[in-house]
Amino acid sequence: MHSLSRLTAGLFSGLLVLAGMAVGQEPQRWFYSDEPAAVQPTANVPAPSSSSEGGGGAIEADIQQPPSLTDQLSALGKRVDLLEKPPVKYPANVQVLGVFQADAGVFNQDAANKLPIAAGGVGQVIQNGADFRRARLAAKAALGNNINAFMQFDFAFPGRPTFTDVWVEYTDLPWLGTVRIGQWKQPFSLEVVSSFRYTTFMERSLLFQTFTPFRHIGIGAYDHADDLMGTWAASYLRTGQDQFGDSLSSRGGNGFTGRITRLAWYDEEAGRSYLHLGADYYFNNPPNHTIAFRTIPEIFIGQNANNGVGTAGFAVPGAFDGTPFFANTGNVTNVNNVNTYDFEALWVYGPLSVQSEAMGASVNRQGTPGGFLHGEYLQVGWFLTGEHRPYDRIAGAIDRVRPFEDFFWVRDANGCCQHGKGAWEVALRFSRVDLNSDMISGGVVNDITFGVNWYTNAFTKIVFNYIHSWRQSPTSPPAPTGIGPAVAVNSEMNAFAMRAQMDF
């Protein structure tokens with residue numbers, strides 16, 4: 001009887017070995033594991049005892065029994081999870097981004113606008129032309145579970161190429177939310193924090209270049225409310241820099257920005273109705289205690305100066321010609337600090353949007369009267385096709401317009417034609433800056449800009465702008481650099497412009 005038992009056990013063990021070999025597995029490995037299989041010690045099977053007691057039991061005890069069905073199903077589930085959700089390898093989620101804006105513009109000036117600067121004009125006849133306003137490539141990646149990085153370069157900006165956003169950030173931090181280090185758009189003004197890709201007009205308002213810090217190297221933190229109804233942000237920055245973000249100044253050159261926003265209400269279902277309110281502060285201790293306030297009209301066309309360098313005679317990076325400044329204080333010296341305040345609002349009600357900001361800069365000077373410079377804009381937009389202006393609740397900024405229907409035009413079975421119209425928007429903006437105060441004279445500019453936007457899809461659009469600019473020239477004195485005549489000269493300019501834009 002004992003011999004029959006040993007024979008049966010031996011046959012069963014042999015069948016198990018053959019079955020394992022048939023499926024290409026090692027004997028006695030019954031399922032895949034998420035972890036590498038541990039090396040099991042080899043069992044020393046004792047030789048069959050000649051005794052009739054316990055010999056067969058020893059062999060039977062060394063036979064490994066197959067796992068239960070429950071264990072096999074559990075192992076299979078782990079294997080499926082590993083295939084569907086493989087371990088993250090950093091850098092991860094690497095994205096390549098790009099955008100270009102191709103512009104063309106035609107200008108018309110009255111006689112006073114063409115006069116030399118000393119006579120109260122802008123100092124030149126503004127040339128018609130075309131250029132790439134922006135041509136950027138960028139890469140974005142996750143460097144860790146809570147670490148992101150971004151690098152972007154512009155190949156169209158004067159002095160090409162140029163650093164734009166170059167930063168690393170640490171997310172999900174207690175109390176601070178996200179901490180960012182590098183160069184980026186500082187948290188000040190709705191126009192600044194909202195991407196140029198989504199702006200209503202070809203250029204931001206007159207206030208943008210005059211008062212805002214825009215991109216600088218620094219360190220800052222930002223976060224949003226749990227209910228997504230508000231945001232806050234703050235940063236320390238170096239306020240002087242070149243096109244690559246570099247800054248040198250032992251006398252000044254430090255600044256601070258802060259921004260807080262709140263949604264008075266928000267349509268949770270579709271986001272087609274909301275009221276955004278915000279307040280901003282910018283402290284600037286300027287490099288070498290010198291600062292200039294200035295702005296172009298709401299259009300820019302330019303090129304590298306054609307200085308005929310080299311045998312081909314092409315323009316090379318260096319001096320840049322283009323639309324001149326219409327308001328300019330020149331260098332204001334002996335400046336201890338500048339405190340700039342901003343109040344922002346955006347109301348969206350379906351296809352209607354109303355946006356406005358007001359800024360004021362208090363200039364504090366040593367041994368010389370300072371001044372208070374200010375500006376405002378108000379713009380209204382209407383989507384003829386019924387879309388609305390989306391809102392990014394994480395950043396407190398304007399988001400990407402997505403047409404109800406993309407533009408297309410194709411032949412149908414009857415020959416012609418099936419088409420989609422895209423999204424159409426009309427908009428009007430009035431903006432103003434006044435750079436005259438006490439011993440500072442930079443002039444006054446008022447702009448009216450009318451725009452038509454055709455969003456052919458979410459990533460391409462065609463923009464038409466008409467800009468009419470009224471200008472009052474700086475005077476001298478009291479302008480610190482002697483800009484302009486003793487009496488202000490009034491002049492006007494018209495510009496017609498068009499843009500083709502794509503981004504990915």
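Mentor: Start with a definition. A salt bridge here is a side-chain nitrogen of Lys or Arg within 4 Å of a carboxyl oxygen of Asp or Glu. Keep in mind that the model is predicted.

Trainee: At what N to O distance do the side chains of D227 and R262 meet?

Mentor: The cut-off is within 4 Å. The side chains of D227 and R262 form a salt bridge. D227 sits in the loop between β6 and β7, R262 in strand β8, so the pair ties together parts 35 residues apart in sequence. The N to O distance is 3.9 Å.

Trainee: Is R262 buried, partly exposed or exposed?

Mentor: Buried means under 20% relative accessible area, and exposed means over 50%. R262 has 43% relative accessibility, so R262 counts as partly exposed.

Trainee: Which residue forms a salt bridge with D154, and is that residue buried or exposed?

Mentor: D154 lies in strand β3, and its partner in strand β2, 18 residues apart. D154 has a relative accessible area of 1%, so it is buried.

Trainee: Which residue forms a salt bridge with K421?

Mentor: K421 is in the loop between β20 and β21. Its partner is in the loop between β18 and β19, 16 residues apart from K421. The closest N and O atoms are 3.6 Å apart. The partner is E405.

Trainee: Now the second largest pocket. Which element gives the most to its lining?

Mentor: The lining has 45 residues, and K140, R180, V193, D392 and A395 lie nearest the pocket centre. Elements giving two or more residues include β1, β3 and β7. The element that gives the most, with six residues, is β6.

Trainee: How many residues of that lining are charged?

Mentor: The pocket holds about 1,400 Å³ of space. Its lining has 19 nonpolar and 12 polar residues. Asp, Glu, Lys and Arg count as charged. The charged residues number 14.

Trainee: What share of the protein's residues counts as buried?

Mentor: The protein has five helices and 24 strands. Its accessible surface is about 25,800 Å², with 61% belonging to carbon and sulfur atoms. Of its 504 residues, the buried share is 44%.

How values were computed:
Residues numbered from 1 in each chain as written. Predicted model: local features only at pLDDT ≥ 70, side-chain atom pairs only at ≥ 80, totals over all residues. Heavy atoms only, no water. Helix = DSSP H or I, 4+ residues; strand = E, 2+ residues; numbered from the N terminus. Buried < 20%, exposed > 50% of the residue type's maximum accessible area, 1.4 Å probe, protein only. Areas by Shrake-Rupley, 256 points an atom, 1.4 Å probe, with all protein chains shown as cover. 1 Å grid on protein atoms, 1.4 Å probe; cavity = no way out; pocket = protein on both sides within 12 Å on 5 of 7 lines; lining within 4 Å. Points joined across faces, edges and corners; volume = space filled by probe spheres on them.
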